[in-house]
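I opened this notebook to record, entry by entry, what I looked up in one structure. The model is a predicted one.

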Amino acid sequence: MPTIFDRPKPYLMAHRGASDHAPENTLGSFRLALEAGADIIETDLWFTRDGELVCHHDATVARMTGRPGRVAEMTLSEVQSLRVRSRFDERFPDEHIPTLAELLDLLPPEVVLTVELKDPRFSDSAWAERLARQAAERVVRQAIVAISFRRRNLQGLRAAAPTFPIGHIAVVEPFPTQQVDVLGPFWPLLFVNPGYVAWAHRRGKWVCPLDPAPHKRLQWYLRLGVDAILTNDPAATRALIARERAAGRS
């Protein structure tokens, strides 16, 4: 797992960028997260029809652009011709769906990238290898992690790139799996199994709860010693963590 941080844990993972303040998975959202001091940027990946990787959450572009179409059935040119529409249009009027290449160019080397493998084609190692090639420099530095709800997607990537760090997002399993590097349990699972984080740490794994609105549970996460905290609002979460530390509650 990444060892480039010189900051204390928990690291701050910006969920689709600073998605409470900018249209999710856009360069504007990623920039705002970086300005807020995010240690890790999280995004979602789909392949376009012509095999390019884009940062987008849904299978279709409808929610974010108001236009019909499935990402997998559109060319990169068609995807990027659309403007992202959101409640933040006044501040971010010209955002588009970015490519992974654009995000990689934006990120400073000290910021880790987490990519959620949405497209089922990642289960095919030939498709997964496209990600591995594009992110090869970050894989060498262990500055990227691929996560997914779909174990088959993770298996496809591992077959294509055995050293690529991977993580599983668990919704119902209260016991950590041993076949991945990072564990992303849906946060209620940590109530079901209070020893989850300690178990994972004994086996050298990171834990980042699936909880993009973590503020009500922040003290609890700090007591558990999670490695990273997912958040839609990295600036507010960073301020709350600092306040807890100043009060001696972490």
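The entries below go from salt bridges to a strand residue, a helix and a surface patch.

**Conventions.** I am working on a predicted model, in which local features need pLDDT of at least 70 and side-chain atom pairs count only at pLDDT 80 or more, while totals for chains, interfaces and linings use all residues. I number residues from 1 along each chain as its sequence is written, and the side-chain values use heavy atoms, with hydrogens and water left out.

**Entry 1, salt bridges.** I searched the whole structure for salt bridges (a side-chain nitrogen of Lys or Arg within 4 Å of a carboxyl oxygen of Asp or Glu) and found 14. I then looked up Lys9, which pairs with Asp227 at 2.7 Å between the closest N and O atoms. Lys9 sits in the segment before strand S1 (11-15) and Asp227 in the loop between helix H10 (218-224) and strand S9 (228-231), so this bridge ties together parts that are 218 residues apart in sequence. For helices (H or I, at least four residues) and strands (E, at least two) I use the DSSP runs, numbered from the N terminus. On accessibility, where buried means under 20% relative accessible area, exposed over 50% and partly exposed in between (1.4 Å probe, protein chains only), Lys9 is partly exposed at 39%, whereas Asp227 is buried at 3%.

I followed Glu24, which forms a salt bridge with Arg16 (3.0 Å, N to O); Glu24 is buried at 14% relative accessibility, and Arg16 is buried with a relative accessible area of 15%. Glu24 also bridges to Arg63, with the closest N and O atoms 2.7 Å apart. That pair links distant parts of the chain, since Glu24 is in the loop between S1 and helix H1 (27-35) and Arg63 in helix H2 (residues 62-65), 39 residues apart. Through shared partners, salt bridges join Arg16, Glu24, Asp44, Asp58 and Arg63 into one network.

Is Glu116 buried or exposed? I find Glu116 in strand S4, buried with a relative accessible area of 7%. Its side chain makes a polar contact of 2.9 Å with that of Lys118, where a polar contact is a pair of N or O atoms within 3.5 Å; within protein, one must be able to donate a hydrogen and the other to accept it, and residues adjacent in sequence count only if both atoms are side-chain atoms. Leaving aside neighbours within four places in sequence, the contacts (heavy atoms within 4.5 Å) of Glu116 include Asp44, Leu45, Phe149 and Ile169.

In H5 (residues 125-134) I noted Trp127, Ala128, Leu131 and Ala132 as buried. They cover an arc of only 155° around the axis, which puts them on the same side of H5; the arc is taken from the directions from the helix axis to the C-beta atoms. Among the elements covering these residues are strand S2 (40-47), helix H4 (100-106) and helix H7 (151-160).

I placed Val172 in the loop between strand S6 (166-170) and strand S7 (182-185), and Val172 counts as exposed at 63% relative accessibility.
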